Amino acid sequence: MTFSGASHQLAQVNMARLKFPLDSVELKDFVDWLDPVNAEADAADGFVWRLADDGDGNATAIRPFDDPWLLVNLSVWRDPHALTAYMYQGQHREALARRFDWFERVQEHMTTMWWVPAGHRPTVEEAQERLVLLRAEGPTPQAFTLRTSFPPPEADPTD
């Protein structure tokens with residue numbers, strides 16, 4: 001399925017529950033990978049924007065749901081194809097393979113996507129609402145997964 005609709009872009013949120021404090025020896029590799037992985041994202045085809053705090057250029061100081069053990073990754077992409085192309089290559093792929101070294105296995109959804117008007121930058125609160133919606137209702141056009149996705153509001157899917 002391909003997507004048209006330059007008037008919308010894909011927002012995604014991924015939250016993860018830390019196994020160890022961010023400044024621990026156990027998370028050193030993860031912390032060391034943050035800047036290079038973020039630089040790869042910033043340069044990726046289809047990348048639009050990512051949440052970053054004012055301090056060190058990543059979002060590790062931002063705590064969703066007021067939980068000191070949760071990290072948030074919030075970004076906007078051209079479409080699901082651009083997001084998945086980035087996710088499964090380069091240093092992000094290597095980091096993804098090690099995620100359970102650093103993060104708890106959680107039973108509930110920790111990732112969701114939704115379409116936003118081009119130029120909109122979602123907030124952490126908006127991302128939390130979308131994640132709660134996915135957990136409560138399953139995939140819908142307002143909050144979906146890579147496995148069960150929906151086209152942008154005005155776009156017609158084509159094969």
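Buried means under 20% relative accessible area, exposed means over 50%, and partly exposed is in between, with a 1.4 Å probe and protein chains only. Keep those words handy for the tour. The model is predicted, so local features need pLDDT of at least 70 and side-chain atom pairs count only at pLDDT 80 or more, while totals for chains, interfaces and linings use all residues. Residues are numbered from 1 along each chain as its sequence is written, and side-chain values use heavy atoms, with hydrogens and water left out.

**Stop 1: two residues in a loop**

Start by selecting D66. Is D66 buried or exposed? At 76% relative accessibility, D66 counts as exposed. D66 sits in the loop between β2 and β3; strands here are DSSP runs of E with at least two residues, helices are DSSP runs of H or I with at least four, and both are numbered from the N terminus. Now look at the backbone: the phi of D66 is near 50°, a positive value in a residue other than glycine. Most residues other than glycine have a negative phi.

Next, select F65, which is in the loop between β2 and β3. F65 has a positive phi of about 55° although it is not a glycine. With a relative accessible area of 35%, F65 is partly exposed.

**Stop 2**

Leaving aside neighbours within four places in sequence, Q128 is in contact with M15, P64 and F65, where contact means heavy atoms within 4.5 Å. Q128 is buried, at a relative accessible area of 16%.

Then select T123, in the loop between β4 and α5. T123 is partly exposed, with a relative accessible area of 37%.

Past the helix, go to T140, in the segment after α5. T140 is buried, with a relative accessible area of 12%. Not counting residues up to four places away in sequence, T140 touches L133 and F150.

**Stop 3: the aromatic rings**

How many aromatic pairs does a search of the whole structure find? The search finds seven. Rings of Phe, Tyr and Trp (its six-membered ring) pair if their centres lie within 6.5 Å; planes under 30 degrees apart count as stacked, over 60 as edge-to-face and the rest as tilted.

Select W33 and W102 and show their side chains. Their rings form an edge-to-face pair, 5.8 Å centre to centre with 80° between the planes. W33 lies in helix α1 (residues 28-43) and W102 in helix α4 (residues 99-102), so the pair ties together parts that are 69 residues apart in sequence. W33 is buried, and so is W102.

F103 is buried, with a relative accessible area of 11%. Include F30 to complete the view: F30, W33, W102 and F103 form one aromatic cluster.

Before moving on, select R105 and F100. The charged end of R105 sits over the ring of F100, 3.8 Å from its centre; this calls for NZ of Lys or CZ of Arg within 6 Å of the ring centre and within 35 degrees of the ring normal.

**Stop 4: strand β4**

Select M113, which is found in strand β4. Is M113 buried or exposed? At 3% relative accessibility, M113 counts as buried. Leaving aside neighbours within four places in sequence, its contacts include L10, A11, L83, F144 and L146. For L146, the separation from M113 is 33 residues in sequence and 7.8 Å in space, C-alpha to C-alpha.

**Stop 5: the largest pocket**

Finish by selecting N14, M15, L96, R99 and T111. Of the 48 residues that line the largest pocket, these are the closest to its centre. A pocket is an open set of points on a 1 Å grid over the protein atoms alone, where a 1.4 Å probe fits, with protein on both sides within 12 Å along at least five of seven lines; lining residues have an atom within 4 Å of a point.
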